[in-house]
Amino acid sequence: MAVPKKKMSRSRTRQRKANWKVEAPNASRCPQCHAAKLPHRACPECGSYRGREVVPS
């Protein structure tokens, strides 16, 4: 089993964890109804994905 060569200080650990952030997902426009939607997901407004209706509305 690998063993760390040196102890990681509390300061260095906290500096690393300070950069963990939650980012807002990028929104894109639906080509059918132009509503905001998440990428690679069916549009919640019209139910279309890549030009086809995949969720019956």
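Which strand does Lys37 lie in? I looked it up: Lys37 sits in strand E2, which covers residues 36-37. I note at the outset that this is a predicted model.

**Confidence**

I checked the scores before going on. The protein chain has an average pLDDT of 93. I find 100% of the residues at 70 or above, as "at least 70" is the score they reach. Confidence is lowest in strand E4 (residues 52-53), where the mean is 90. Helix H1 (residues 10-17) has the highest, at 96.

**Lys37**

I went back to Lys37 in E2. Is this lysine buried or exposed? Lys37 is buried, and I find no salt bridge for it. Glu45 is the nearest side chain of opposite charge, and it is 12 Å away. A salt bridge needs the charged atoms within 4 Å.

I then asked what backbone oxygen the Lys37 side chain reaches. That oxygen belongs to Arg41, at 3.3 Å.

I listed the contacts of Lys37 next, leaving aside neighbours within four places in sequence. On one side of the numbering I have Asn26, Ala27, Ser28, Arg29 and Cys30. Cys43 and Pro44 complete the list.

**Cysteines**

How many disulfides does the count come to? I get zero disulfides. Cys30 is in none, and its nearest cysteine sulfur is that of Cys46, 3.6 Å away.

Cys33 was next. I find Cys33 in the loop between E1 and E2. Cys33 is partly exposed, with a relative accessible area of 33%. Beyond its neighbours within four places in sequence, Cys33 is in contact with Cys43, Glu45 and Cys46. I noted one C-alpha distance here: Cys33 and Glu45 are 12 residues apart along the chain and 7.6 Å apart by those atoms.

**Ser48**

I moved on to strand E3 (residues 48-49), where Ser48 has its place. Is Ser48 buried or exposed? Ser48 counts as buried, at 8% relative accessibility. I set aside residues up to four places away in sequence and read off what Ser48 touches: Cys30, Gln32, Ala42, Cys43, Glu53 and Val54.

**Positive phi**

I looked at two backbone angles. Phi of His40 is near 65°, a positive value in a residue other than glycine. His40 is found in the loop between E2 and E3. Its relative accessible area is 67%, so His40 is exposed.

Arg50 gave a phi near 55°, also positive and also in a residue other than glycine. I place Arg50 in the loop between E3 and E4. At 72% relative accessibility, Arg50 counts as exposed.

**Pairs apart in sequence**

I finished with two C-alpha pairs. Where is Pro25 found? Pro25 is in the loop between H1 and strand E1 (28-29). With 61% relative accessibility, Pro25 counts as exposed. Pro25 and Leu38 are 13 residues apart in sequence, and I read 7.4 Å between their C-alpha atoms.

Arg52 has its place in strand E4, the strand where I found confidence lowest. Arg52 is exposed, with a relative accessible area of 59%. From Arg52 to Gln32 I count 20 residues in sequence and 9.2 Å in space, C-alpha to C-alpha.

Notes:
Residues numbered from 1 in each chain as written. Predicted model: local features only at pLDDT ≥ 70, side-chain atom pairs only at ≥ 80, totals over all residues. Heavy atoms only, no water. Helix = DSSP H or I, 4+ residues; strand = E, 2+ residues; numbered from the N terminus. Buried < 20%, exposed > 50% of the residue type's maximum accessible area, 1.4 Å probe, protein only. Lys, Arg positive; Asp, Glu negative; His and termini not counted. Polar contact = N/O pair within 3.5 Å; in protein donor to acceptor, adjacent residues only side chain to side chain. Contact = heavy atoms within 4.5 Å. Disulfide = S-S within 2.5 Å. pLDDT = per-residue confidence, 0-100.
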